Amino acid sequence: MENKIESYARSSVGSLVNHMRRLLFRVLSTGPIPNHIAFILDGNRRYAKKQNLGEGMGHRAGFVTLMSLMKYCYELGVKYVTVYAFSIDNFKRRPEEVQSLMDLMLEKIEGLLKEESIVNQYGVRVYFVGNLKLLNAPVRDAAEKVMKATANNNKSILLICVAYTSTDEITHAAQEAIDEKWGEIQESSKASIAQNGEISQEKHEGNRTIKVADIERHIYMGVAPDPDILVRTSGETRLSNFLLWQTSTCLLYSPKALWPEIGLRHLVWAVLNFQRVHPYLEKRRKQV
Amino acid sequence: MACLVSTCAKLAFVFGGINPTTLSLQATPAKQHALRFPFPCSSIIRCSESMARGARTNVLSLVKAMQTQEALPKGLKPELMPNHIAIISDGNRRWSNEKGFKSQLGHRNGARVMKEIVFLCCNWGIKVVSFFAFSTENWARPKEQVDALMCLFEDVIQTDLQEFMGYNVRISFIGDKSKLPKSLQEVMATVEDSTRGNMGLHLMIAINYSGRYDIMQASRSITSKVKDGFLQVEDINETLFEKELETNCAQFPNPDLLIRTSGEQRISNFYLWQLAYTEVFFSVKKFPDFEEEDFIEALISFQKRERRYGGNKY
């Protein structure tokens, strides 16, 4: 009997909290809502130490927080959410820790395919962004499977950066763009000589120049617009080689809370700050 | 006799020796600034001797050599000082608006603060300091403002930056110079050439620069090298790419610390690639109000940070 009352009370409180959250989001929606929020999930290991948890438990707690934040973002109307799950630099950590993270990733990626996962609940299309060749085969295969399975979802987008650094991304994009451009130059030179017997120098120079669009066509994060807000938890204010190209005009927010401790209030504060600077940034974007 | 020698030596320090062509004395503001520092007798005699040899002595290099480096302010540890500090000097126009002045006055006060920071960096052993003076996106501002800024840059480079030469400061300009007024380009080239051999603080001023511009110019440079057969596409890696960025002229091209004033929390297309592992400090003060104590606060904050570069710590 007591269990029934307790369960009823819990579900009532839960329902009330959900209603209040939706009301809060309605109020926030009277102003501009960011289209894309990126998160650096920093502080999992410090959280585990702080709470006297075992190795790897901080990251598990961090995953639970990620699911909550994703839910809040999609309810608020944020279309793109990007998370920095694993950097190429993280391969420098102790092999046991790296293996533990890979195992956790495999478990959670496979979990995304389940019926009750947030991905199906909110119609989320998932992209894994990074140098996926650096991942072990099981994780890579699981990631490919999830991307394929969610390819038809179109309500929201989740970008999970694994085996990623921005400098690797830019170098890769430049390499692909230069390779493509070099191929075009060679082909157009041959075609031009075949037709006219000479190459027009001006046209040749124009075709040779790499443009911003060439880089953006090959950049891993090209499937999403630039983020409006970049949140890095645990109070550290640095980018750690994340989205350097994409965050040129992005609002940076670094709450002191460790990643597993971050909650709705931090998201609301970030959105309010975004709404404060949005008119100025929009004006500048139009001018440029 | 000793009195005569010391008087001649003091005149030499102020006026920088005798021009061998005209036998005239030359005074500069920088050298008057040098008078603030004490002159031990043995150094005065050394200076008189070099003057007597008829060689034009770099008087301020002697002053710099004699002068003891200032001790760091309380709270700062010498082993944790950053090698390269980058500064987004934001808030000049808002500062002017608040005080009811024209924006030019805000920018001129910003130039004054820039000089003060450079002198602090010289005294505290910072190797590189860079300032974001004008972004590629700033051309969208009203023409009157842009023209005033270009004039200010020319004025500051021609007169104020001369003071740095005596501190052995090397001055470089990064950004797309081709779009700047010709007279400004000439002044910049002269200052860069004349300070290229200086081995003290490296001052980098970004004019018509942006992080994306730098990445694009590096990409174009690499494309040319591939086209000309110096490189294969497969050779392109992060190390090669970084060498093509304009900041590669500095011994420490990537900032350890980025300071942005005026409370805005964004990078605004300043360094992008170079900021991969940079610690960022946001100051609420507008740049013309940024003082030595604020700079110390930024440095203390930097020294408390744990830089893990993605690796092990916990």
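## Interface between chain B and chain A

The contact draws on 44 residues of chain B and 50 residues of chain A. The model is a predicted one, with scores of ipTM 0.88 and pTM 0.83. The size of an interface is often expressed as the accessible area that is lost when the parts come together. Here, chain B and chain A bury about 4300 Å² between them, and carbon and sulfur atoms account for 56% of that area.

Polar interactions also cross the interface. Between chain B and chain A, 19 residue pairs are in polar contact, counting pairs in which both residues have pLDDT 80 or more. Three salt bridges are found across the interface of chain B and chain A. One of the salt bridges joins Arg212(B) to Asp226(A), with 3.2 Å between the closest N and O atoms.

## The side contributed by chain B

On the side of chain B that touches chain A, at least two residues come from each of α10 (211–227), α11 (238–244) and β6 (279–282) of chain B. The largest share belongs to α10(B), which supplies nine residues. By residue class, this side of chain B comprises 18 nonpolar, eleven polar and 15 charged residues.

## Architecture of chain A

Chain A contains ten helices and six strands. The C-alpha trace of chain A extends over about 95 × 45 × 35 Å along its principal axes. Of the 288 residues in chain A, 51% are buried. Among contacts in chain A between residues at least 6 apart in sequence, 77% link residues at least 24 apart.

Asp42(A) lies in the loop that runs between β1 (36–40) and α2 (44–50) of chain A. Because its relative accessibility is 11%, Asp42(A) is classed as buried, the cut-off being under 20%.

Beyond neighbours within four places in sequence, Asp42(A) contacts Arg232(A), Thr233(A), Ser234(A), Glu236(A), Leu258(A) and Trp259(A), together with Arg308(B) from chain B.

## Confidence in chain B

Chain B has a mean pLDDT of 81, with 76% of its residues at 70 or more. Within chain B, confidence is highest in strand β1 (residues 84–88), at a mean of 98, and lowest in helix α2 (residues 29–34), at a mean of 38.

Residues 2–68 of chain B have pLDDT below 50, although this stretch makes 70 contacts in the model beyond near neighbours in sequence. Where pLDDT is low, predicted coordinates should not be read in detail.

Note on methods
Residues numbered from 1 in each chain as written. Chains lettered and ligands numbered in written order. Predicted model: local features only at pLDDT ≥ 70, side-chain atom pairs only at ≥ 80, totals over all residues. Heavy atoms only, no water. Helix = DSSP H or I, 4+ residues; strand = E, 2+ residues; numbered from the N terminus. Buried < 20%, exposed > 50% of the residue type's maximum accessible area, 1.4 Å probe, protein only. Contact = heavy atoms within 4.5 Å. pLDDT = per-residue confidence, 0-100. Buried area = accessible area lost by both parts, 1.4 Å probe. Salt bridge = Lys/Arg side-chain N within 4 Å of Asp/Glu carboxyl O. Polar contact = N/O pair within 3.5 Å; in protein donor to acceptor, adjacent residues only side chain to side chain. Nonpolar A, V, L, I, M, F, W, Y, C, P; charged D, E, K, R; others polar.
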